[in-house]
Structures are given as structure tokens and as C-alpha cells.
Amino acid sequence: MELLQYIDRRPEPREALALADCGDLEGLMDAAARLRDRLHGPRISYSRKVFIPLTHLCRDVCHYCTFAKPPRRGEAAYMTPEQVLDIARAGAAAGCKEALFTLGDKPERRYRAAREALAELGYETTLDYLKAMAKLVFEETGLLPHLNPGLMTAEELAGLRGVSASMGIMLESASDRLCEKGMPHYGSPDKLPARRLETIRLAGEAKAPFTSGILIGIGETRQERIEALLALRDIDDATGAVQEIIVQNFRAKPDTKMAAAPEPGPEELLWTIAVARLVFGPAASIQAPPNLSPGALGPIVAAGIDDWGGVSPVTPDFVNPEAPWPHLETLARETAKAGKQLVERLTAYPRYLDGEWLAPAMLTRALQLSDSDGLARPDDWSPGELTAPEPILRRGAASADVAAVLADAEAGAPLDEAGIVRLFQARDDDFHAVAEAADRARARLAGDTVTYVVNRNINYTNVCYFKCQFCAFSKGKLSENLRGRPYDLDLDEIRRRVAEAWDRGATEVCMQGGIHPDYTGRTYLDILDAVKEAAPDIHVHAFTPLEVFQGAHTLGVSVESFLRDLKAAGLGTLPGTAAEVLDDEVRRIICPDKIDTQQWLDVMETAHGLGIRSTATIMYGHVERPVHWARHLLRLRALQARTGGFTEFVPLPFVHMEAPIYLKGRARKGPTFREAVLMHAVARLALAPHFVNIQTSWVKMGPEGVSAALAAGANDLGGTLMNESITRAAGTVHGQEMAPHRMEETIRTAGRRPEQRTTDYGRPPELQVLRSRQAAPLAEVVETPARKYERAGPRTLYRPGLTAAE
């Protein structure tokens with residue numbers, strides 16, 4: 001049998017059934033592992049969970065089960081809310097993110113004790129009580145509930161979907177034969193395959209991420225296993241709801257009717273895992289519980305799984321109490337021995353983290369807990385906060401595929417999208433390998449000096465009519481009111497701040513602001529006149545591509561003509577902000593009315609052609625994925641290769657605390673520490689040799705982040721700032737000014753040599769350097785209140801990102 005053909009296509013039903021006669025275990029496992037690796041790569045995931053056995057009562061009498069127990073005098077039929085919360089809180093304290101509710105199937109239909117206990121608790125059915133407890137656990141602990149409620153109607157599914165991130169029911173088998181007298185499911189009405197398949201189908205219609213799988217070794221044949229897998233595949237093809245397929249091996253338990261039944265051998269489990277992978281294809285998640293096969297985890301990985309399922313550091317496996325969970329460190333070590341990396345996921349798999357599959361409250365919490373791959377965040381670090389990051393483990397050598405990408409990069413080969421994405425996904429040893437390769441590239445391109453510029457930020461207005469969902473800085477009638485009052489600096493205050501900056505040793509003034517509805521291109525020219533009047537020799541780094549685009553439109557001139565006017569008025573360079581993520585799929589979510597990707601690139605290319613250089617930025621860690629980061633870098637690299645006009649690349653991690661899109665529950669908490677460091681490292685490798693300078697933002701990254709970035713490809717700390725309004729409005733606590741002595745102390749602590757620079761990486765005048773080291777305290781700033789503007793009549797506000805102006 002030619003098994004490798006199923007790497008390129010799934011077997012048709014008749015072909016899948018023919019696998020029942022395939023005895024080539026080695027060939028099956030080889031094909032399954034190759035298929036798994038196509039999309040899952042080096043990762044084997046698991047969910048850190050806490051196990052909540054809400055009730056052991058069940059109306060079914062499966063012949064192998066020790067979880068289900070009849071009512072007993074003196075024993076409560078259900079856990080109390082207090083008991084449920086005690087377990088959930090212990091799980092949350094241990095870092096769990098999933099609360100797994102297990103229970104018997106509709107015990108109130110069999111036992112009076114169940115009905116009476118429910119009535120005393122104030123509920124009519126077990127599923128009503130389950131819904132209330134799942135809601136309680138979620139609201140009190142933030143754990144994401146996964147529910148195993150048994151058979152459900154469409155109405156019951158809809159009700160439970162609102163209080164859970166995922167649900168599940170094991171199909172176990174699609175064979176009616178196992179429900180006949182003398183077979184393991186006899187006397188268990190809820191084990192009829194048609195009923196269980198109908199529940200799974202209804203879950204798909206309800207858009208509820210759903211877990212299912214098969215139980216092997218209970219009397220079924222290999223052909224019946226494949227029939228069960230095909231039945232699940234059909235439902236998943238129709239609905240997309242089957243988020244994982246569990247292949248669980250039967251374990252004989254004392255005091256059950258099947259206590260003496262033979263357990264399936266290891267080869268039988270491996271055969272079934274491999275066949276399941278071939279039947280479902282590369283994208284599916286195939287799971288095998290690690291506690292049921294101790295000592296055999298390596299072969300299980302080799303058979304094609306990509307997930308270990310839920311593992312609890314707090315509670316036992318109540319369904320298989322004889323099989324303790326492996327310690328997570330042991331599981332990580334065994335997974336590494338098998339050539340894979342253990343990664344933590346949420347109870348809902350990454351592809352389900354959207355508004356279609358998760359109820360709003362569940363989606364908000366899932367996004368808060370997830371990283372850019374939809375996997376679990378490892379700690380509470382976020383840009384702009386003081387929380388220390390968890391150390392990133394180092395166990396051994398990098399993965400072969402990461403090592404190959406790094407070898408290409410160090411040989412000078414331009415990285416492609418797939419290679420860049422793979423580097424962004426680096427974890428543990430791969431992370432360290434990427435960071436070290438980037439550090440070597442930095443040494444080759446930029447040397448050991450770390451530069452910084454003494455500058456002042458002047459954000460001339462926080463009034464803006466654009467509706468960027470990540471921005472906490474914008475204020476006023478046309479925006480969402482967050483921190484502070486609307487202001488619009490008058491030219492005298494701008495002059496005062498510029499003169500003060502020059503006297504304190506600044507060589508640059510960095511200026512940008514909201515797009516005030518009263519601003520025109522003339523406003524920006526007037527601002528330049530004011531700056532040059534106050535300090536003729538200061539470098540003006542000002543106006544984003546959005547401001548340039550909008551200013552040109554208001555004057556009725558081309559972007560090129562307006563840029564020429566700005567340059568003549570004293571503009572030195574453009575800041576590379578307003579780039580956010582240069583991919584319109586992302587921009588349609590976070591800044592739909594802003595300039596699009598091509599417009600941003602066009603402004604920059606035009607500016608470079610006129611001799612106006614610029615920085616380039618990325619604002620990341622909100623709704624986008626690593627593939628969007630890769631596309632962003634490739635677009636910057638292509639433009640830089642043509643113009644050479646970018647002075648540096650500046651990663652700007654999303655600061656979430658006050659951002660509208662986060663407060664609405666539609667964004668992550670910024671990048672993880674690993675992702676933030678990798679953005680600097682991968683950018684260094686992907687943009688080489690065209691970008692010499694990679695900057696890290698001390699305002700957003702904090703001391704630990706700056707130190708890590710300097711060891712991962714960065715060679716510049718940006719500006720001393722004096723004032724910082726935009727990131728501070730979003731919630732950062734890392735301050736507004738880092739004076740030269742602190743800059744240099746930070747750099748020397750990292751083992752590097754500090755050096756002041758100008759905007760274009762030249763040497764600043766000695767007098768300005770001396771002034772910067774003897775700077776007096778800043779005078780209090782004056783935020784000129786914004787005039788209340790009333791629209792006299794219909795008014796057009798230019799929004800280039802939309803197809804028509806409003």
C-alpha cells in the first residue's frame with residue numbers, strides 16, 4: 001500500500017477503510033509524522049487545566065467506567081458552589097487556564113437523589129447547574145471553562161456556549177454493535193452512536209469548538225475505528241467544529257465488568273493514532289493522553305500526534321484515577337527527547353479565537369490569555385508595565401528547520417515569508433538561537449556601539465477625527481474620550497518647548513499629533529516656521545505619512561509638492577509611524593479610515609526620492625499574526641533596497657491598558673516578552689543588510705526588555721524624549737524622559753559602548769552634548785485647551801482609507 005500518497009491528499013472513505021488491513025506500522029507512522037509536521041512543525045501542545053468533577057452520578061452504566069457512581073448515603077450528589085470555586089481558585093493560582101467540568105449524563109433522569117439535590121441547589125437539571133457553575137468559575141477566576149455535558153439539544157448547546165470556551169463528547173465508537181447485550185455500552189442510552197454524532201453536529205451548527213474522539217480496545221474492530229473517524233470527519237467537513245480528535249486507549253479498572261478485559265497493546269494505539277492522522281490530514285489536532293501510556297511518549301509523538309490534551313498540576317484524572325498526570329517538566333523533557341517542543345495552548349484551539357466561534361466574554365478572556373499564535377501567554381508581562389518576564393528556557397540545540405533558516409540568513413540569503421514566520425515562532429532553544437544570530441549580525445553591521453539621540457517629543461494636538469482602534473492618545477468630540485483633556489498647542493508654546501529643548505542639549509525635535517479637523521497643510525508649515533524661529537539649527541523630525549497625505553489633500557496639491565514645501569520650510573526627516581502593520585487585512589480592523597499600506601509606502605518612497613529620509617516602525621501585538629509581521633518586514637526591505645532612505649527600524653509593541661480595541665475586548669495584551677524580543681532579532685536578520693540600525697523603545701520595553709533587545713540585534717535606544725504623551729496615554733509606567741546619564745548607564749550595564757548621535761546618525765555638536773549633560777529641570781508644560789469647534793454646515797473630513805470621504 002502506497003501510504004505516502006496521503007501526505008498530499010486525504011484518503012477517500014473506501015481507501016481509509018482499506019487501511020484496516022494495513023500492517024505496515026512503520027510506514028503508517030512515517031507518513032503520519034510527515035503529515036503532522038507540514039502544519040504543526042516542532043510543536044506538541046497541551047492545556048494546563050484544573051479538573052472539576054461536578055457530579056459522579058450518571059444514568060449510563062458503561063462496563064469499563066469508574067467515574068460514574070450510584071448515589072450513596074452520606075455523600076453529596078453534586079459539588080457545592082464553594083467546592084467548585086475552591087478547586088478553580090487552586091487551579092488559577094497554579095497557572096491553569098482551563099476549568100474542565102466533567103459529569104455524568106443527565107443523572108436526574110435516573111436517580112431521585114439527583115433530582116432532590118438539584119432542587120435543593122435551586123436548579124431543575126444538571127445542565128442548568130453546570131451552566132451556573134461554569135459562569136461562576138469564569139467570573140470569579142478567569143479560567144476558561146471546557147464542558148463535557150453528554151448529549152445536548154440545540155437549545156442546551158446554545159445556552160452552554162455562552163459560558164464556555166469549548167465543549168466535548170467522546171464518540172468512542174460509531175458501532176451500534178457495542179450497544180448490544182454483553183457489550184460495553186449495553187444499558188447506556190446516551191452511548192448510541194447516532195445520538196452522540198447528532199450532538200456533535202449540533203455543536204457545529206451552534207459554532208461551539210468541540211472535542212471528540214474514539215476509545216480503543218473495548219471490543220471494536222480496526223474497521224469500526226476507521227468508520228468512527230470518518231463519521232467525525234464528515235461532521236468536521238460540514239461544520240468545522242471538531243477541534244481535536246482524541247485517541248484514548250482502554251485501561252482495565254478494578255470493580256468494573258471489564259476488569260479482566262485485555263488492554264490494547266502499544267502497537268494498536270500507535271496504529272490508530274497514525275491512521276487518525278492520515279484520515280484527518282495535516283491541519284487536524286490529534287491527541288493522546290500522556291498519563292495513559294507512561295514510558296511510551298516518544299513513539300506516540302512519532303505516530304503523528306500534535307497534542308497531549310489537558311494536564312493538571314492540581315487535580316487528578318478523575319476518569320482514570322489509576323493513571324497520574326506526568327509532571328509538566330517531565331512532559332516537556334520527554335517531548336524534547338522526541339524532537340518536539342512542548343507549548344501551552346488554551347482550551348479553545350488557536351483557529352477558534354474569533355467572534356464566530358466564541359461568545360464575546362469568552363473571546364475577550366481568550367485574547368487576554370493568548371499570544372500571536374493563539375497559544376497561551378507564558379506570564380503576565382506586557383509592554384509598558386512593571387511585571388518581570390519569566391525566563392525563556394534553554395535545553396539544548398535549535399530545531400533543524402530554525403537552524404537552516406539562520407544558516408541562510410548568516411550566509412546573506414534574503415529570508416522569505418515562510419522563513420521569517422518560522423523565526424517569529426521560535427521558542428526555548430530556538431528563541432536563543434535566533435537572538436544570538438541576530439546579535440552576531442548586529443556586530444557585523446553596526447558594531448558594538450549603542451547610540452541614542454537627545455531630543456524632545458512635541459505632540460501638538462491630541463484632537464483627531466480618525467478612528468484608530470489602538471489609540472488612547474486621541475481625544476475630542478470625534479473620538480472616544482479616554483485619558484486627559486483635548487488640547488491644541490498654540491505656536492508660542494511650541495516655540496517655548498523647542499527653545500527649551502535646544503538649551504537642554506537637544507539636537508532633534510520630534511513632532512506629530514492627531515489629525516485635528518481644523519488642520520490643513522498650512523498648519524504644518526506654520527509649525528515648521530515656529531520651530532525654526534525658536535531654534536534655527538535644530539533638526540525637525542516631524543509629520544507621519546498620514547499627516548503628509550492629509551496635509552497635501554487639504555491644500556489641493558500632490559504629496560510630492562507638499563513634501564517639497566515642508567522641506568523648504570525646514571523639515572529634516574519623517575517619523576515612520578502610522579505604519580502600524582503594513583498589511584491591509586490588519587489595517588481594516590485597527591485603522592480602517594487611515595491611509596492604506598500602499599499609500600504609506602508611496603509617501604515614504606516619494607520622500608526618499610526628495611532626499612527626506614525617514615524611520616520605519618511596526619506597532620504589533622494586538623490582532624495580527626506572525627505572517628503579517630513577515631509581510632510588513634518584506635515590504636520595508638523591498639522599499640529600502642530601492643531607496644536606502646530609512647535610517648532605522650523601530651519596533652513599537654502595542655501598549656494595551658487604555659487602548660479602545662483592548663477595552664472593547666477585541667485585542668491581545670500586547671506582545672509577549674518572547675515576541676517583543678524576537679521582533680528586534682528577526683527584523684535584524686530579515687532586513688539585513690539594507691537596514692543598519694534597529695532601535696528598541698525604552699518607554700515600551702522597560703529595563704528588562706531593553707537589555708534583552710540589545711542582546712538580540714538592537715543597536716539604538718532612540719531618544720531621551722523629555723516629554724512622552726502617546727505611550728503614556730495608553731498606560732505605560734516607564735516615564736517620560738531618560739536623561740543621557742541614564743541612557744549611558746543602561747547601555748554600559750548591557751556591556752556595550754554608548755554614544756550620542758544626531759537624527760541621521762552623525763556626531764552632535766560638542767556644545768549640545770555638554771548642554772545635555774548639564775540640563776536644567778524642565779519647566780511645566782502648557783497644554784493649550786482645544787477650542788470647541790462647531791460645524792457651521794456640512795463638512796468633508798478626508799479619510800483616505802475609506803472608499804469615500806465622510
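Student: Where is D190 found?

Tutor: D190 sits in the loop between β4 (166-168) and α7. Helices (H or I, at least four residues) and strands (E, at least two) are DSSP runs, numbered from the N terminus. This is a predicted model, in which local features need pLDDT of at least 70 and side-chain atom pairs count only at pLDDT 80 or more, while totals for chains, interfaces and linings use all residues. Residues are numbered from 1 along each chain as its sequence is written, and side-chain values use heavy atoms, with hydrogens and water left out.

Student: Is D190 buried or exposed?

Tutor: D190 is buried, because its relative accessible area is 0%. Buried means under 20% relative accessible area, exposed over 50%, and partly exposed in between (1.4 Å probe, protein chains only).

Student: Which residues is D190 in contact with, leaving aside neighbours within four places in sequence?

Tutor: R59, D60, D105, L151 and R196. Contact means heavy atoms within 4.5 Å.

Student: At what angle do α7 and α8 pack?

Tutor: Helix α7 (residues 193-205) and helix α8 (residues 222-239) pack at about 15°, and their axes are 9 Å apart. That makes α7 roughly parallel to α8. Angles under 35 degrees count as roughly parallel, over 145 as roughly antiparallel, 65 to 115 as roughly perpendicular and the rest as oblique. Axes are lines fitted to C-alpha atoms, for helices over the stretch in contact, and angles run from 0 to 180 degrees between N-to-C directions.

Student: Which residues make the contact?

Tutor: From α7, L197, I200, R201, G204 and E205; from α8, A231, L232, I235 and T239.

Student: And how do α18 and α21 cross?

Tutor: The axes of helix α18 (residues 545-555) and helix α21 (residues 597-609) come within 9 Å and cross at roughly 85°. The two helices are therefore roughly perpendicular to each other. P545, V548 and F549 of α18 meet Q599, W600, V603 and M604 of α21.

Student: New topic: how many residues are in the largest nonpolar core?

Tutor: There are 121, of which V434, F543, L566, W600, F649 and L685 touch the most other members. A nonpolar core is a set of buried Ala, Val, Leu, Ile, Met, Phe, Trp, Tyr and Cys residues joined through side-chain atoms within 4.5 Å. Helix α24 (residues 673-687) gives this core its largest share, 11 residues.

Student: What does L685 contact?

Tutor: Leaving aside neighbours within four places in sequence, its contacts include L406, L415, V434 and A441. Apart from this core lies another, of 94 residues, among them I52, L57, A203 and I286.
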